[in-house]
Amino acid sequence: MSYSYQTVGSGSGTARKTFDFGRTHVVRPKGKHQATIVWLHGLGDNGSSWSQILESLPLPNIKWICPTAPTRPVAILGGFPCTAWFDAGELSEDGPDDWEGLDASAAHIANFLSTEPSDVKVGIGGFSMGAAMALYSATACALGRYGNGNPYPISLRAVVGLSGWLPGSRGLRNKIEVSSEAARRAASLPILLSHGTCDDVVPYKNGEKCAQSLSIAGFRNLTFKTYEGIGHYTVPKEMDEVCNWLTARLGLEGSR
């Protein structure tokens, strides 16, 4: 089932852009439903491949929602269309930010979480561009609004970013510092970042810079894990760490 999300331009004469999101895959909890996490795939991938990995994790109390990004022309691929959460000229925080694409995807993700029961803790995680999207959502949660100024409706309890970077990092610290509420939310939101030192797609230094930018902006509950000799992929040890971290942060009832 595909969903379309329209971004509304401000001022007259601004064209509306429609983003058609692909199929969403859901992994139901095998035990008591205590948490729901939206997990986001990387550039050119889809929700199905990650749903299979997540289904195999020893986390019976988590419901996983794995959406598929819209297919759109991507600048880093010379305008070639593929699944992408937003347009990117480079896989780092140095490129120009596609605010419209970021906000459309962040709203699509928040939508999934807005209908979860009130006693269920909610979070967002992702790999590569999916990690970038998860981290953008974390900043929107702290600020209490999207880049376009609309209110961000979800209170996130955990964010995981594997092999990613931070879009919208410029000026983030200033935006958070002017609001004591935003500073409080940033300081209390648990974030787990991890990155391989031999990543040839999103270089390790981008992962380090992302951790630095978040830390400087006031995200104090931040863990950054380094994986020596690992490239742009996940390994069982890394997924074990994710399981342990989520179990601890979300207070899940054991791993079996």
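How far apart do the end C-alpha atoms of residues 25–247 lie, and what share of the span is helix and strand? In this predicted model, the end C-alpha atoms of residues 25–247 are 22 Å apart, and the span is 36% helix and 21% strand.

**View 1. The annotated domain.** An unreviewed UniProt entry places the feature "domain: Phospholipase/carboxylesterase/thioesterase" at residues 25–247.

**View 2. The salt bridge between Lys63 and Glu116.** The structure holds 9 salt bridges, and one of them is formed by Lys63 and Glu116, whose closest N and O atoms are 2.9 Å apart. Lys63 belongs to strand S5 (residues 62–66) and Glu116 to the loop between helix H2 (99–114) and S8, so the pair ties together parts that are 53 residues apart in sequence. Both Lys63 and Glu116 are buried. Side chains of opposite charge can pair when their charged atoms come close.

View 3. A salt bridge joins the side chains of Arg72 and Asp98, with an N to O distance of 3.7 Å. Arg72 is buried at 7% relative accessibility, and Asp98 is buried at 15%. The side chains of Asp97 and Arg170 also meet in a salt bridge, at 3.5 Å from N to O. This pair links distant parts of the chain, with Asp97 in the loop between S7 and H2 and Arg170 in the loop between S9 and H4, 73 residues apart. Asp97 is partly exposed at 21% relative accessibility, and Arg170 is partly exposed with a relative accessible area of 46%.

**View 4. The network of Glu181, Arg184 and Arg185.** Salt bridges that share partners join Glu181, Arg184 and Arg185 into one network.

View 5. Ser128 has a phi near 60 degrees, a positive value in a residue other than glycine. Ser128 is placed in the loop between strand S8 (121–127) and helix H3 (129–143), and its relative accessible area of 5% makes it buried. Ser163 likewise has a positive phi, of about 55 degrees, although it is not a glycine. The loop that holds Ser163 runs between strand S9 (158–162) and helix H4 (172–177). Ser163 is buried, with a relative accessible area of 1%.

View 6. The structure holds 0 disulfides. For Cys66, the nearest cysteine sulfur is that of Cys243, 14 Å away. Cys66 is buried at 0% relative accessibility. For Cys198, the nearest cysteine sulfur is that of Cys210, 19 Å away. Cys198 is partly exposed, with a relative accessible area of 47%.

**View 7. A nonpolar surface patch.** Ile76, Leu77 and Phe80 form a nonpolar patch on the surface, and together they have about 280 Å² of accessible area. Phe80 is in strand S7 (residues 80–83) and is exposed, with a relative accessible area of 55%.

**View 8. Val201 and its contacts.** Val201 is found in the loop between strand S10 (191–196) and helix H6 (204–217). Leaving aside residues up to four places away in sequence, Val201 touches Leu91 and His232. Val201 is partly exposed, with a relative accessible area of 39%. The C-alpha atoms of Val201 and Val120 are separated by 35 Å, and the two residues are 81 residues apart along the chain.

Notes. Residues are numbered from 1 along each chain as its sequence is written. This is a predicted model: local features need pLDDT of at least 70, side-chain atom pairs count only at pLDDT 80 or more; totals for chains, interfaces and linings use all residues. Side-chain values use heavy atoms; hydrogens and water are left out. UniProt positions are given in the numbering used here, feature names are shortened, and annotations may be inferred rather than shown by experiment. Helices (H or I, at least four residues) and strands (E, at least two) are DSSP runs, numbered from the N terminus. A disulfide is a pair of cysteine sulfur atoms within 2.5 Å. Buried means under 20% relative accessible area, exposed over 50%, partly exposed in between (1.4 Å probe, protein chains only). Contact means heavy atoms within 4.5 Å. Patches are made of residues with over 30% relative accessible area and no salt bridge: like charges are joined within 9 Å, nonpolar side chains (Val, Leu, Ile, Met, Phe, Trp, Tyr) within 5 Å. Accessible areas come from the Shrake-Rupley method with a 1.4 Å probe; for residues, only the protein chains shown count as cover. A salt bridge is a side-chain nitrogen of Lys or Arg within 4 Å of a carboxyl oxygen of Asp or Glu.
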